[in-house]
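Here's a quick tour of a few spots worth a look in this model. Have the structure open as you read.

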Amino acid sequence: MALTSSRPGPSARWSALWGVGMSLIFVGERAIGAGSARGVASVAGLVLVVVAMAARARRASGAGADRQLTERLLLRLYGLGLLAVILYFVQSDLPTLRGGLPLEHGSPKLATALAALWPAIWIVAAWPIALIEMAYAQMLKAPRLETGRIKDAMYSGLGVGFAVIFAFTIVYVSAERDHKFDFAYFRTARPGEVVRKIVRTLDNPIEIAAFFPQGNEVREEVDNYLNDLAKESGQLTVTHYDFDIDPLKAKEYGVSANGTLAFVRGKRHELLGVPLQLESARNALKTLDKEVQQRFMVIVKQTKAAYFTVGHGERTWQPAANNTDKRSGLLKLREVMQDQSYDIREFGASDGLIQDVPKEATALIIIGPTRPFLPDESAAVNRYVKNGGRLLVALDPENHVDLKAILDPLQVEFHDTTLANDQVFARRTHTDADRTNIVTATFSSHPSVTTLMRIGQRAPVVLPGAGWIDAKRGRPIDIQVDSPIKAHYATWADKNGNFQFDPPGETRRAWEVAAAVSKGQSRAFIIADSDCFSDDAIVMPGNELLTLDVFHWIMGDEAYQGLVSSEMDLPVTHTRKQDVVWFYSTVFVAPALVLGFGYLTTKKRRRKTAAPAAPTTTGGAS
């Protein structure tokens, strides 16, 4: 039973006085922060808080049993708020005012804990006080005080206080541990086998100077790559600099801003720029291994020259003056070779091809000539190869140029009959003519196709309009001829050019489309198609790997063969028939399956619902 008591005056004024005192303490400590004004405000606030507590204690002593419960509850909450203030002063700079040391100097963890604890305690005290006063005010003139409502108000205040503390905690943790989650595919490339090979074979120390500010997200991604690479050899060291802190070192390496990797070998250095913002740096990080490989190639490899013949209608990276050659050019091939630090030059009759090939030419390249070589030019090429030179020849059947005078000494013969295949081919025009776009993944173990042989079916080579190569029988024992690439076994030589298989005159077999010839230091690679190196075809992964493998073998750089690590997303491509299948499947088949499943499920449920119940009988047998 609730007890009656005398009604004291309004309660909220003392809580308001307590709140004003707390506000003065806040102004003194957080707004003013120094000087005598701080002390005046803080001391005045403490006085008001103590006065409010004293008044509340006096009211509690003279109140009835029901109101005494409320008054004492408010007094305890006042004390809890005062405890929060005391904890604040303990971890504040108050000890320094008398020449002492702050708590964080001797006990930093305790100081941090108190800094987080005191506002939480104060909130847990302030919210219940406010809600209790609101409930108390409505019952101030009541003869009996409903203590249950007071307790409900207190619990509500505690709930709000804990919710506020939880919200602030989540915000603080989120700010301190700012992790971003991106469900789009992204991963920084890892060091590929080519770069690892280069680092393992270093004979001189190389420094990679990374210029990034501390705490940068891109720096963390780059460091993962560089630290993994540095494990391959003690000759590679990785150092970190900040452009703003180390301007002299940046000037020495030619670095103009943060977000730069400097590859330093003696006095020689190469730079690689990477954006500082992670969103902008994603593409650069996906292809980081390729860019690093190019810088290593420049500072480690000895420069080698590749001479491309001109003057016979060859494919070239230069646009034709009269625009008569409509074939795809070699601009991308040139870029690939320059990325490998090869010196690319054009070489024709006016440059001395009639006399001799220069000794500084590491390799002589003949790509898709439409006119035969002069006898003197063929003789110069033969002398070059005989003296240990390297030769790459790519011929097309439609040009009917067989370079017999050059290939005969190599014991190989080019046949200008175009190959076709009606089972495995690359679609381009969606006509029967596409059957001459030979696709093959049949490779030998010869060093000129090492990477392709390892990958196999994952990176087939496309040969648009290829002839075939035949190695002569009874060749000298010192001339080694290998067939590194063969066409698919269902391929035939389309003698009548109708793109149809016409037995018995045409037979299916794995035709040799390339030959690798070795004699002492001399090397030659002959392939029965020059389109495979053109801008239209080299974008295919297999064709790019073929280009790299062949040129590395020709130039004597087998140590640099291998895969480059890349995290770039490859586009998903379909043939025309596949696109048709996917279209009709998504438009008709998938909805039909969903509707059919729904119909069958509904029909089954209706049968169960409509089934009559089995009759029941009672009584014994007659």
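Let's start with Q411, which is buried because its relative accessibility of 15% falls under the 20% cut-off. You'll find Q411 in the loop between helix 14 and strand 9 (412-415). Keep in mind that this is a predicted model. The backbone at Q411 has a positive phi of about 65°, even though the residue is not a glycine. Most residues other than glycine have a negative phi.

S341 sits in the loop that links helix 12 (331-339) to strand 6 (342-347), and with 14% relative accessibility it counts as buried.

## A cis peptide bond

Most peptide bonds are trans. Where P503 meets P504, though, the bond is cis, with omega at about 0°. P504 belongs to the loop between strand 17 (492-493) and strand 18 (514-519).

Another proline to check out is P397, in the loop between strand 8 (390-394) and helix 14 (404-407). Is P397 buried or exposed? P397 is buried, because its relative accessible area is 1%, against a cut-off of 20%.

So what does P397 touch, if you skip the neighbours within four places in sequence? The contacts are F414, D416, T417, T418, G465, A466, G467 and A528. Take A528: it lies 131 residues away from P397 along the chain, yet their C-alpha atoms are 7.4 Å apart.

Strand 11 runs antiparallel to strand 13 (residues 461-464), and 4 bridges join them. In one of those pairings, T440 has V461 of strand 13 as its bridge partner.

## The second largest pocket

How much space lies in the second largest pocket? About 990 Å³. Strand 11 and strand 13 turn up again here: along with helix 16 (541-554), they are the elements that give two or more residues to the lining.

The lining has 31 residues, and A426, R427, R428, N437 and V462 are the ones nearest the centre of the pocket. Sorted by class, the lining comes out as 12 nonpolar, 11 polar and 8 charged residues.

Conventions:
Residues are numbered from 1 along each chain as its sequence is written. This is a predicted model: local features need pLDDT of at least 70, side-chain atom pairs count only at pLDDT 80 or more; totals for chains, interfaces and linings use all residues. Side-chain values use heavy atoms; hydrogens and water are left out. Two strands pair if DSSP finds at least two bridges between them. On a 1 Å grid over the protein atoms alone, a cavity is a set of points where a 1.4 Å probe fits but cannot get out, and a pocket is an open set with protein on both sides within 12 Å along at least five of seven lines; lining residues have an atom within 4 Å of a point. Grid points are joined across faces, edges and corners, and a volume is the space filled by probe spheres set on the points. Ala, Val, Leu, Ile, Met, Phe, Trp, Tyr, Cys and Pro count as nonpolar, Asp, Glu, Lys and Arg as charged, and the others, Gly among them, as polar. Buried means under 20% relative accessible area, exposed over 50%, partly exposed in between (1.4 Å probe, protein chains only). Contact means heavy atoms within 4.5 Å.
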